[in-house]
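Subject: Structure for your review

Dear colleague,

Please find below the structure that I am handing over to you. My notes on it follow directly after.

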Amino acid sequence: MRDTSGMLQMSLSWLGLGPVAASPWLLLLLAAVSWLLARVLAWTYACYDNARRLRCFPQPPKRNWFLGHLGLVQPTEEGLRVLTQLVVNNPQGYMIWMGPIIPLVIFCHPDLVRSITNASAAVAPKNSFFYEFLKPWLGDGLLLSAGDKWSRHRRMLTPAFHFNILKSYVKIFNDSAKVMHAKWQCLITEGHTRLNMFEHISLMTLDSLQKCVFSFDSNCQEKPIGYIAAILELSALVAKRHQQLFQYKDFVYYLTPDGQRFRRACRQVHDFTDAVIRERRRTLPDEGADDFLKAKAKTKTLDFIDVLLLTKDEDGTGLSDEDIRAEADTFMFAGHDTTASGLSWVLYNLAKHPEYQERCRQEVEELLKDREPKEIEWIHREQLGFKGIQLEPRNTCSFIHPVPIQQTLPHCFLIPNCMPSPILLSSVLCPGDSERT
C-alpha cells in the first residue's frame with residue numbers, strides 16, 4: 001500500500017502537488033477542474049469558429065467589444081433613422097452582435113425574407129431566445145407554442161376568425177375610432193399641432209380588443225385603466241430587456257426593479273383574465289352551449305372568450321383555463337401592438353403622399369354622403385372604387401413589417417458555405433425595400 005501511494009505521489013509530482021496529491025477529494029477536484037476547462041475551451045473555440053464563419057456578412061461598427069451592437073438602434077425617431085441607414089447601406093442584409101457572443105443575422109431583401117417565412121417549422125423553428133422573455137406573461141399560446149400543441153390550438157381557434165364573427169366587430173371598431181377622433185379634435189382645439197400617433201392608436205386598438213375579447217368596455221382611451229396600463233408596461237419592459245445584456249438570465253432579471261415590475265404587471269393581467277374566465281365558466285353550465293350561443297346572438301357579439309370556452313377538438317376535449325388565459329393574453333398583446341404599428345405606418349405613408357390621401361378621402365365621402373350614421377360597414381368593402389382604402393394597409397405591411405420576424409435556423413439553410421449552425425435570423429424591411437431588385 002505504501003508503494004502504491006508513493007508511486008501516485010511521484011506520478012503527480014510534475015503537477016507540483018507534492019504528498020497531498022494522494023487525497024481522493026483533491027483528485028476529484030482535479031478531474032472536475034479539468035472537465036470544466038475542457039468545456040470552456042470547447043465553447044471558446046465554437047464562439048471563435050462562429051465569428052470566423054460569419055465574417056462574410058457585413059457588420060456596422062460595434063459600440064464596444066463587450067456590448068457589441070446592443071443599443072445601436074434606440075426606440076426613438078433617431079433610432080429609426082439609424083436602422084433605415086443600415087438597410088440602405090446593406091440592402092441584402094447584415095449582422096449585429098447582441099453582446100460578445102450572440103450573433104443576429106438580419107435579412108433586408110424581400111427575396112431572402114421570403115426564404116425564411118416560407119420555410120417549414122422543422123427548418124426554421126420559432127426563436128426561443130427572445131420569445132422566452134414573453135413566456136411568463138403569454139404562456140403557451142399560439143405565439144410561443146410549437147409542434148402538436150400549436151397545431152391543435154390553431155385548428156380549435158380557426159372559428160374565432162370566421163367572417164360571420166368578424167362582421168359584428170365592425171361596429172366596435174367604429175365606436176373606438178370615434179373616441180380617438182374626438183380626442184384629436186380636442187387637442188386641435190387646445191392648439192396642439194403634434195401628437196404621438198402610435199400612443200393614441202395603441203389605446204384605440206386596446207379599447208377595441210378588450211371589447212372583442214372580453215366584452216368589457218373600460219373606456220381606457222379617456223381614463224387610465226390598471227389592466228391596460230399593465231399591458232403597455234409589459235410590452236415596454238420586454239422591449240427594454242432585449243437591450244440589457246446582464247438581464248437575459250431570469251434569476252438576475254427578477255432581482256432587478258424592472259423584473260419585479262414585470263412580475264407585478266403579469267399578476268395584474270392574469271388576475272383580470274382569470275376573473276373573466278371564471279365568470280363565463282359559471283354561466284355556461286346553467287344555459288348549455290346552444291342556449292348560450294342563441295342568447296349571445298340576440299344581445300351582443302360573440303367575443304373571443306366565448307369561442308375559446310366553447311371550442312372542442314376532434315376528441316371532444318376543450319381548452320383548459322390556463323390555455324384560454326394564454327390565448328386571450330396572446331391575442332391582446334399581439335393584436336394591439338401589431339395593429340397599432342401597421343395603422344401608424346399607413347397614416348405615415350398617406351401623409352407622405354397627399355395625393356393618395358385625398359383620393360381615399362374623396363372615396364369615403366362619396367360612399368357615405370347619403371348615409372346616416374356615416375360609418376363604413378362590412379358590406380362597403382366591395383363598394384370601394386379606387387380601392388385605396390383596401391390596398392394601402394396591404395402595401396404598407398408588405399414593405400414595413402408591423403413586427404420583426406425572428407427565427408432560428410438549425411442547419412445551413414440559405415448560405416451553406418457561410419452560415420454556421422445554429423444562428424439567429426431576423427428580418428427588417430424599410431420603406432423602399434419592395435422596389436429593390
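At what angle do helix H10 (residues 197-214) and helix H11 (residues 226-241) pack, and how far apart are their axes? In this predicted model, the two helices pack at about 120 degrees, and their axes lie 11 Å apart. H10 is therefore oblique to H11. Their crossing is right-handed.

On the H10 side, the contact is made by Leu203, Leu206, Gln210 and Phe214, while H11 contributes Tyr227, Ile228, Ile231 and Leu232. Sorted by class, the residues of this contact comprise seven nonpolar, one polar and no charged ones.

Neighbours within four places in sequence aside, Tyr227 is in contact with Gln210, Phe214, Gln268, Val269, Phe272, Thr273, Asp329 and Met332.

One further residue of H10 deserves a note, namely Ser208. Is Ser208 buried or exposed? With a relative accessible area of 5%, Ser208 is buried, because the limit for that class is under 20%. Again leaving aside neighbours within four places in sequence, Ser208 is in contact with Ile172, Phe173 and Ser176.

With kind regards

Methods: Residues numbered from 1 in each chain as written. Predicted model: local features only at pLDDT ≥ 70, side-chain atom pairs only at ≥ 80, totals over all residues. Heavy atoms only, no water. Axes fitted to C-alpha atoms, helices over the stretch in contact; angles between N-to-C directions. Helix = DSSP H or I, 4+ residues; strand = E, 2+ residues; numbered from the N terminus. Parallel < 35°, antiparallel > 145°, perpendicular 65-115°, else oblique. Left-handed = near helix turned anticlockwise from the far one by under 90°. Contact = heavy atoms within 4.5 Å. Nonpolar A, V, L, I, M, F, W, Y, C, P; charged D, E, K, R; others polar. Buried < 20%, exposed > 50% of the residue type's maximum accessible area, 1.4 Å probe, protein only.
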